[in-house]
Amino acid sequence: MLLTPFLALAQTGPVKFETTTQLVVVNVAAKSKSGEVLEGLKASDFTVTEDGKPQEIKIFEFQRLEDTLLPAPVLVARDATGASGKTAGVTIAPAKAGEIKYKDRRLLVLFFDQAGMPVADQLRSQKAALQFLTSRISKADLVAVMTYSTTLEVLQDFTDDRDRLIQTIKGIPIGATGMTNGSTGDDSEGDTGAAYTQDNSEFNIFNTDRKLAALESAVKMLGSLPEKKALVYFASGMSLTGIDNQAQLRATINAAIRGNVAFYPVDARGLVAAAPLGDATQASQGGQAMYSGSSQRTAQANFQAQQETLYTLASDTGGKALLDQNDLSLGIVQAQKDISNYYILGYYSTNTALDGHYRRIKVQINRNLTAKLDYRSGYFASKTFRQFTSSDRERELQEALMLGDPVTDLTVALEVNYFRQARDRYFVPVSVKIPGSDIELARKAGAESTRLDFIGEIKDAKGVLQGTVRDDITVKLKGEDAGQLSRRNLEYDTGFTLQPGTYTLKFLVTVHAPMLVDFGEGAGWALAGAAGGSEPQSLSS
Amino acid sequence: MVNLLVSSDFSAIATVDAGQAALIHPDRNNLGPRLGFAWRPLTKGSLVVRGGYGIYYNTSVYSIIASNMAQQPPFAQSLSVSSSTANPLSIQTGFLAASTQTLTSTYAIDPNYRIGYAQTWNLTVQRDLPLSMFGTIGYLGTKGTRLDQQFIPNSVAPGAPVSVFPNNYIYESSNGNSIYHAAQFQLNRRFHSGFMWRGSYQFSKSIDNAGTGGRGQGNTPVAQNWLDLSAERGLSSFDARHNLSLQLQYSTGMGMGGGTLINGWKGELMKDWTIAANVSVRSGTPFTVIVGGNRSQVSGTAVGNTLRADATGLPVDVTGMLFNTATFAEPLAGDWGTAGRNTIPGPTTFSLDGSLGRVFRFGERRSADLQFQAQNLLNRVTITNWGTVLGSSTYGLATGAAGMRKITINLRFRF
């Protein structure tokens, strides 16, 4: 999206010039009935409509995914990557609007749902992932790693650095199981001997909702990339409580469809062989239900329901679930196979409204061909600042920081120093200065106060995040001192404690204030300034 | 706690308490092996064969036995006192008076009592079918061993002269058994594009001569004739020959094919609804005709309702009646009834429950679920019980029905 508002104040009143263009990119996989990829199609062979209105295809490219398998990795001595577990804060780097970030690539996400996964299953799913990475990964594959035990964590953004991926997978802690669903006292559960069995159904609804919400957050994060993404979801089944989890299940599936993500759930239990009323890990049920078949029926129904949720996630998003298979890596291979060579179609949308609504895309093939097309079903239009919710704003800040070159209207000066605290520890004070005259503008516009948002990150030489800052301050624009604002600087101080090394610091400041004049669509404006050394700075004794 | 030391021919009893001897010998070697296998003959096919075998013991069996043994003299007393203005009673003084009633022990258990167990085995074949469906065909067998049996030693049929031997206590042993076989069929559609159903049919039969289970043990029947325990063998009280159930659910706006991308007022109206229904048809659990009135009590005991009716040989099924009341007759005084246990097939039950719900979304994070749940949606009368006490005014008539239509409205707010 390119938004360029021009403003001119003429004697006769405000004249408004506005240009808004939105480049929309759609990846289309075209396959024949037998599943073969159709090559050699031209732009004129496709018709693209958005919300029913035909669009002119401006960009057309064929993406060839190189399916040569990578050779088995050889052990090479490498530098030890920074302190292990320093992964907090890693996110999926977004693409700029209209940008095709990963060309000729296939995007796979390995998502390990550790919550409620027994240790044996955790080991099995990690083994499958490692097996894929060592022997079945192809040149076109980019893999990201996420986990969920109590919160969603991105351990690795999309990369083809196989060693790092292997290391990341090996670093996932075994035994961190998060919260498991509680007992509901049905006929399949072992007798605890207690006079009263508590019914944890309400907790289970909440617990499963959280899991599904984590998946929803994951697909929303992936949604900023226009490419087709496959999320391989390792879980030991997922049980829903009646129809009470429907709302969240629906939200997750819809978010996946809108984000062009297909789920490839893998039942990490493999091909389950169990005695009729449960294996030896479970107590005997006791009671008549053992003799009337009720315990067995309930156990079977529960098992089927756990697999069914995985199936639903897959089939409703266009993926495939791997159930009852001991070779879990087949699930990843399936995802790999399903993303084949594709065409990139780009058009400038005729709908220029910035309403944040979902726009439905339809791609059809013109020639008398019977092709099965797979493409994203739509996208969310950009929003104007007024329509931002607080979560939108956070995301915008994050994305602006990661994109590296945000629009800068604000002058920002950054001062960095360092003090040695101990042999292996330096304190790095960071001072951010903003000229008051920049904010003075807002005061003149009649605003009562303005808010400054600060977001910053510091990375070491290997690109591993070492620290983050996220803060905001409110500056009063009315009152006694406000008049002097234009002559002063605003200063924000923070600091990091770091080990000796080479670091890159990036800082982003935005100012928000209401405006007097109307910028057409926007009733507010944002100034953003970014500062940071493009040259890494070294800390050494 | 007190048990009764019973001579091998039930001719003499003596009380023993925990200080004198072991009340029940421990049961130490209860191993419960569990075996299971799953086989996928073709890696590419979806056919899965599963089977397994396991031994599952009854649980929590001793607590009820202990409470039975605790409620016996010398630890239990029966006292009848009344308060008057001359002799007001308080908690402090009320229980000091000597009991005028002599309480006798009413419960004894075989010291060699063993914990009952179920041996269960099954074999299931499962295969995926088109349209997101899968089907299973399965067999399940369960054999119950050492199940709880209760009888009254030296008891005689009502009307016969009372035995000179001790005859007023219930004796519990673990010599019962049961056998259950079931054929199971399932045809399920997995939840896809908002539509799901689970259909299952089961054909099963269960026979026992004792109380199955152990947890609670509320259903252990007291045998009619202690000298003819084999006459207790009959259909289990839970035996339901045919069991058909169908579960349906439809949610709008789910998935690619379910219209999740419909926008505008059409989408607003159409999305986020869930309708679900549960239909179940089951053949009735069987009933036994027992003799009521003054012959319902076993002579010399407080135990009642164990005397069964005589079978006259007429068929049970007859048109115009719930069951043929002439099939059963009162036995002669001093005789046990000749009819078996659980010989009347009970009423087929039908139930239909439904629910309708809608999710209302407020922004990205908050939503509210409004649900209407109806039990017995059609408000249809489903008879669950028949009068089977011979001589009672309700004999041969319907005496119980499942609940009438009940609608619950649920509002759940998520934030």
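Reply: Start at Leu249(A). Setting aside neighbours within four places in sequence, Leu249(A) is in contact with Leu212(A) and Leu240(A). Keep in mind that this is a predicted model. Leu249(A) sits in helix α4 of chain A. Is Leu249(A) buried or exposed? It has 25 C-beta neighbours inside 10 Å, and the threshold for burial is 20 or more, so Leu249(A) counts as buried. One more distance places this residue. Ala235(A) is 14 residues away from Leu249(A) along the chain, and their C-alpha atoms are separated by 15 Å.

Now the helix pair. Two packed helices are described by the angle between their axes and the distance between the axes. Here α3(A), residues 201-222, packs with α4(A) at an angle of about 15°. The axes are 9 Å apart. Angles under 35 degrees count as roughly parallel, so α3(A) and α4(A) are roughly parallel to each other. The crossing of α3(A) past α4(A) is left-handed.

Which residues of α3(A) and α4(A) meet? From α3(A) come Asp209(A), Leu212(A), Ala213(A), Leu215(A), Glu216(A), Val219(A) and Lys220(A). From α4(A) come Gln248(A), Leu249(A), Ala251(A), Thr252(A), Ala255(A) and Ala256(A). By class, this contact of α3(A) with α4(A) has eight nonpolar, two polar and three charged residues. Leu212(A) and Leu249(A) are both in that list, and they are also in contact with each other.

The contact between chains A and B takes 42 residues from chain A and 60 residues from chain B. On the chain A side, α4 (246-258), α5 (294-315) and β13 (358-365) each supply at least two residues. By class, that side has 17 nonpolar, 18 polar and seven charged residues. So much for the helix and its partners.

Step back to the interior of the model. In soluble globular proteins, nonpolar side chains tend to be buried together. The largest nonpolar core has 66 residues. Those with the most contacts inside this core are Val109(A), Phe111(A), Leu231(A), Val232(A), Tyr233(A) and Tyr264(A). Take Val232(A) as an example. Beyond its neighbours within four places in sequence, Val232(A) is in contact with Leu108(A), Val109(A), Leu110(A) and Phe111(A), among others. Its contacts also include Tyr264(A), Val266(A), Gly331(A), Ile332(A) and Ala335(A). A second, separate core has 19 residues, including Leu485(A), Leu505(A), Leu508(A) and Val511(A).

Chain A has eight helices and 24 strands. Of its 541 residues, 38% are buried. Among contacts in chain A between residues at least 6 apart in sequence, 78% join residues at least 24 apart.

Finally, two backbone details in chain B. Ser193(B) is not a glycine, yet has a positive phi of about 50°. It lies in the loop between β8 (170-192) and β9 (195-208) of chain B. Asn342(B), also not a glycine, has a positive phi of about 50°. Its loop runs between β15 (328-329) and β16 (349-362) of chain B. What of their burial? Ser193(B) has 19 other C-beta atoms within 10 Å and is partly exposed. Asn342(B) has 22 C-beta neighbours inside 10 Å and counts as buried.

Notes: Residues numbered from 1 in each chain as written. Chains lettered and ligands numbered in written order. Predicted model: local features only at pLDDT ≥ 70, side-chain atom pairs only at ≥ 80, totals over all residues. Helix = DSSP H or I, 4+ residues; strand = E, 2+ residues; numbered from the N terminus. Buried ≥ 20, exposed ≤ 12 C-beta atoms within 10 Å, placed from the backbone. Contact = placed C-beta atoms within 7 Å. Nonpolar A, V, L, I, M, F, W, Y, C, P; charged D, E, K, R; others polar. Axes fitted to C-alpha atoms, helices over the stretch in contact; angles between N-to-C directions. Parallel < 35°, antiparallel > 145°, perpendicular 65-115°, else oblique. Left-handed = near helix turned anticlockwise from the far one by under 90°. Core = buried A, V, L, I, M, F, W, Y, C linked by C-beta atoms within 7 Å.
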